[in-house]
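User: Hello! I would like to go through some of the labels used for a structure and ask what stands behind each one. Could you show it to me?

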Amino acid sequence: MIKKIISLIVMTIMMSSYTQAGFFSDYFSYTQTKHPIMLVPGIFAFDSIATIDYWYQIPSSLEYRGAEVYVAKINAFESSAQRGDTLIEQMEDIIATSDGRISKFNVMGHSQGGMTSRYVMAVRPDLVASVTTMATPHTGSPLADIVTDVAPPSSVQGVLFEVIANAVGNLVNFLSDNKKADSDIYAMLGEFNQAGASSFNQDFPAGLPTTSCGEGDAEVTLDGHNIKLYSWGGTGHLTGGIDPTDALFAISGLVFNGEENDGVTGKCANHFGKVLRDDYFMNHLDINNHVLGLVSIFETNPKTVFKNHANRLKEAGL
């Protein structure tokens, strides 16, 4: 009887140890995707300037749970095609120095970074396992129409705006150690007004909804390469309480004439591929946890959203 009790205790201890080992193994591999994650920023593209991170704590949160993460170094203000070509070079360099370990990426783009990701997918599908866009104005933003209407490129005010904006963009590039090319604010704006977005979408239609506010294809095959597609976005404005950009997005959101939006991107405009969610209580910069993580305490934390999506990619074999 005593031997049976001792055996039962030993077995219980062994099972407990196994369970704990399994827990920790799963915990630290939760975001361990097959292919690395490439985070692609939107306008004002940078990784970190001084103590301000574009993806505040998101890369480290993903890496802590097992992911391999890279952040694209691309121009602050430029067309998605030009930014995409720069990103392709970066991806090729990473692959070349990986000793065959890396062959493609799970590309995740915020705002214009989503358009940049779509361009990369279209011209180099061999480098892409999946594309996820967040708060990307795929069908354009009325803010871009307002700017290009008020300050056309050829006007006096347009020239002044271009000089100032490009100087700011070049400063961002300099401070983020990305001095490869000069900024071009109108190349960026011309892609997000109604006409520019329509032209871009005609050239790169993969993943876009074919019905108003619908979903796009959850998976596409380009040149024989299967690529999974996802998106999410928000419809919040005053979300963080002390976030200084909240008021800005509350004001900019007024130009959408009643359409739900995040201050830059309309709810339906953020639809691409499989729409995971389009109405997070997040504004345009909450989505990437940008302003020191000052987000709503009443919504899922952006870091958790990213970690859960990485796990989704992992479970999909990506």
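Analyst: Gladly, and one definition comes before the rest: buried means under 20% relative accessible area, exposed over 50%, and partly exposed in between, using a 1.4 Å probe and protein chains only. This is a predicted model, in which local features need pLDDT of at least 70 and side-chain atom pairs count only at pLDDT 80 or more, while totals for chains, interfaces and linings use all residues. Residues are numbered from 1 along each chain as its sequence is written, and side-chain values use heavy atoms, with hydrogens and water left out.

User: Why is Asn289 called buried?

Analyst: Its relative accessibility is 1%, and the label applies under 20%, so Asn289 counts as buried. Asn289 sits in the loop between β9 (274-280) and α10 (302-315); helices (H or I, at least four residues) and strands (E, at least two) are DSSP runs numbered from the N terminus.

User: What is the phi of Asn289, and which value does Leu292 have?

Analyst: Asn289 has a positive phi of about 60° without being a glycine. Leu292, also not a glycine, has a positive phi near 55°. Most residues other than glycine have a negative phi. Leu292 is placed in the loop between β9 and α10, and its 42% relative accessibility makes it partly exposed.

User: What makes the pair of Tyr27 and Tyr64 edge-to-face?

Analyst: Rings of Phe, Tyr and Trp (its six-membered ring) pair if their centres lie within 6.5 Å; planes under 30 degrees apart count as stacked, over 60 as edge-to-face and the rest as tilted. A search of the whole structure finds nine aromatic pairs. For Tyr27 and Tyr64 the centres are 6.4 Å apart and the planes stand at 85°, so this pair is edge-to-face. The pair links distant parts of the chain, with Tyr27 in helix α1 (residues 2-27) and Tyr64 in helix α2 (residues 58-64), 37 residues apart. Tyr27, at 29% relative accessibility, is partly exposed, whereas Tyr64, at 53%, is exposed.

User: What makes a set of residues a nonpolar core?

Analyst: The set consists of buried Ala, Val, Leu, Ile, Met, Phe, Trp, Tyr and Cys residues joined through side-chain atoms within 4.5 Å. The largest has 29 residues, and Met38, Leu87, Met91 and Phe105 have the most contacts inside it. Elements giving two or more residues to this core include β1 (37-40), α3 (80-96) and β5 (105-110). The largest share, five residues, comes from α3.

User: Which residues does Phe105 touch?

Analyst: With contact taken as heavy atoms within 4.5 Å, and not counting residues up to four places away in sequence, Phe105 touches residues including Met38, Tyr70, Met91, Ile94 and Val128.
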